Structures are given as C-alpha cells and as structure tokens.
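Biologist: I'd like to learn how to read charged pairs and nonpolar cores in a model. Can you take me through one?

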Amino acid sequence: MQTLRYIMKRVLLAAVSLFAIITITFFLMNLMPGDPFMSEKASEENRAILIAKYGLDQPVYVQYGKYLENLVHGDMGTSYVLQKGRAVRDIITESFTVSMTLGIKALIVAVIVGIVLGCISGLMKDRLPDGIIRVITSLGISMPGYVIASTLMLVLAVNLGVLPVSYKKPGGSIMPIITLAAYPTCYLARLTRASILEVMNQDYLRTERAKGMSEFVVVFVHALKNSLIPVITYLGPLTASILTGGFVAESVFNVPGLGRYFVSSISSRDYTMIMGVTIFYSALIVLMNLVCDILYKIVDPRIKLD
C-alpha cells in the first residue's frame, strides 16, 4: 500500500513536471527569431499563407491553448519542415523503434562491461589491472562522441575493412552500439569502483568473512549488492538518454533514429517536432527515474519509499 501511494505521488509530480516542461519549451521556442518557413523558396505571400494555415499568426497564448487541447487528445501535430505533413507521433514512433533497438544493446553492453570492470578495478586497487582500467575509463569519459565514432569508422571500416560503413548492412550496428556504450561503460566502471572501495571495509563484510563465507560470495553477493545504489541512480537518465539515441552516433553512421531529430528540429525551427521530441524525452526520463526509485527498494529493503 505504501509503495502504491508512493507511485501515485510520483506520477502526480511527473505530470506537473511535464506540464512545466511543455509550457517552458513552448514559450522559449516561440522566442526564437524567424519561423519554420524561412528556408522555403517561396514569396512572402506564400509564406504568409503557410503561417496562417498552421495558425502561427495567432497570439502565442492562443497557439499554446490549442496545442495543449490537441495534446490531451494525443495529437502532437504534423511536421512543418523535416517530414512535411507527417504526424509527429508517427515520426517519433518509427524513429524510436530504431533508436531503442540500438539503445537496448548498448545499455546491456554498458551495464555488464562497466560493472565488471569496476569490480575488477576496485578489488585490485593500486595494482596493474586497476591502473589500466582507470586510464581506459578516463580516456573514454573525456573523449567526445564524434571522436570515438570517427576513430571506429576510420580503423574498423576504412583501414581494416572488418565492418561495413552503412548501418543497413550486416554488422552495421556494431560501431553505433560501441559509440553509444563507450561513455556510460567508462562512467559506470568508475562509479562501481568507487562504490566497491567504499563498502569493502564495512563491518558486516568482516562478519561474513568471519563466518567462513568465500570471498566470491562476500564480494559479488553482499558487497556488490550494497554498492549498486549509486549505479541504479545513474541508470535512470542513462536509460532514457541511450534509448532515444545519440545525435553524434546516428549522424556519423547514418542511423534513421530519434537522436538526429533533437538538433535538426531546432535548427530547422520545426516547432511541432521540437515539442514532440522534448515531451517524449522528458516523459521517458521521468518514467526511468520512477523505475529506479522502486529498484532501490528491491536492492536494499531498508530503504523506505515515502
């Protein structure tokens, strides 16, 4: 019952947060100079017709009221520029399917490899494996995504020829997955290492060792479980971010996913696409954070959901 009340409370707060995000984004978007049809090779008269057709000549508060009314009925409008006349909801659904397929694979790689490397590094503190892992993770965190993507393409596709450049060919998803997983893998490894080092000298672990439990059980059952709270905290926004795709990875490897719309919709002033991807991304972050909060309780029953 307590958990249900907590979930209801969080859902209500999520709704308020989404409403605030929608409102702020809508009015900031309308502060941008120009309009979606500036790049059109059309006369001023035709531009005025297009602006009137989509109601962009009306006061902002009127546009805002109509957008909210349509949104309540599940209508996000149609794209003005990127895919003219096509429903934003259909564009997001189609492109998110591609991004989600890549994202799930990248997330699995990041979680497994990151936690394993973090455990190895933490258990072998100040030894050679720890030093190597710390150097690699430092490079992975500090290196921009476009550098990783370009390096992978140059080495694996151009020089060695072991992977195709095109995403649509067999094996074409490997380089985008590595690019998406690189930063979170390194960050999770460092986070897990720090958590392992923090809990390894706790009194309850000494007690477990005194009872004659093997070091494997002590580390991977008791220590790792209690060190996962910071990792779970990071997994919420990470999951939302990685499932919606990365603009760099999808641009470099020409992946038809959702990530490319985050920047292209702004640069083209495609108002409905800006609102659509912002709402979708925000809702996904709120949902993932709620899931992570519930996972806290599963990992550590001592945590109370208030």
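Predicted model: local features only at pLDDT ≥ 70, side-chain atom pairs only at ≥ 80, totals over all residues.

Biologist: How many salt bridges does a search of the whole structure find?

Modeller: In general, side chains of opposite charge can pair when their charged atoms come close. Here the search turns up four salt bridges. One of them joins the side chains of Arg-86 and Glu-94, at 2.8 Å from N to O.

Biologist: Is Arg-86 buried, exposed or partly exposed?

Modeller: Buried means under 20% relative accessible area, exposed over 50%, and partly exposed in between (1.4 Å probe, protein chains only). Arg-86 has 27% relative accessibility, so it counts as partly exposed. Glu-94 is partly exposed too, at 48%.

Biologist: And what does Lys-125 pair with?

Modeller: Lys-125 meets Asp-126 in a salt bridge, 2.9 Å from N to O. Lys-125 is partly exposed at 42%, while Asp-126 counts as exposed because its relative accessibility is 55%.

Biologist: Which residue does Arg-193 bridge to?

Modeller: Its partner is Asp-130, with 2.9 Å from N to O. That pair links distant parts of the chain, 63 residues apart: Arg-193 sits in helix 7 (residues 174-199) and Asp-130 in helix 5 (residues 128-142). Helices here are DSSP runs (H or I, at least four residues), numbered from the N terminus. Arg-193 counts as buried at 15%, and Asp-130 is buried at 0%.

Biologist: Now the nonpolar side. Which residues touch the most other members of the largest core?

Modeller: The general idea is that in soluble globular proteins, nonpolar side chains tend to be buried together. A nonpolar core is a set of buried Ala, Val, Leu, Ile, Met, Phe, Trp, Tyr and Cys residues joined through side-chain atoms within 4.5 Å. The largest one has 64 residues, and Leu-188, Met-275 and Ile-279 touch the most other members. Helix 4 gives this core its largest share, 11 residues.

Biologist: What is Met-275 in contact with, leaving aside neighbours within four places in sequence?

Modeller: Contact means heavy atoms within 4.5 Å. By that test, Met-275 reaches Ile-22, Thr-25, Phe-26, Met-29 and Tyr-67.

Terms used: Residues numbered from 1 in each chain as written. Heavy atoms only, no water. Helix = DSSP H or I, 4+ residues; strand = E, 2+ residues; numbered from the N terminus.
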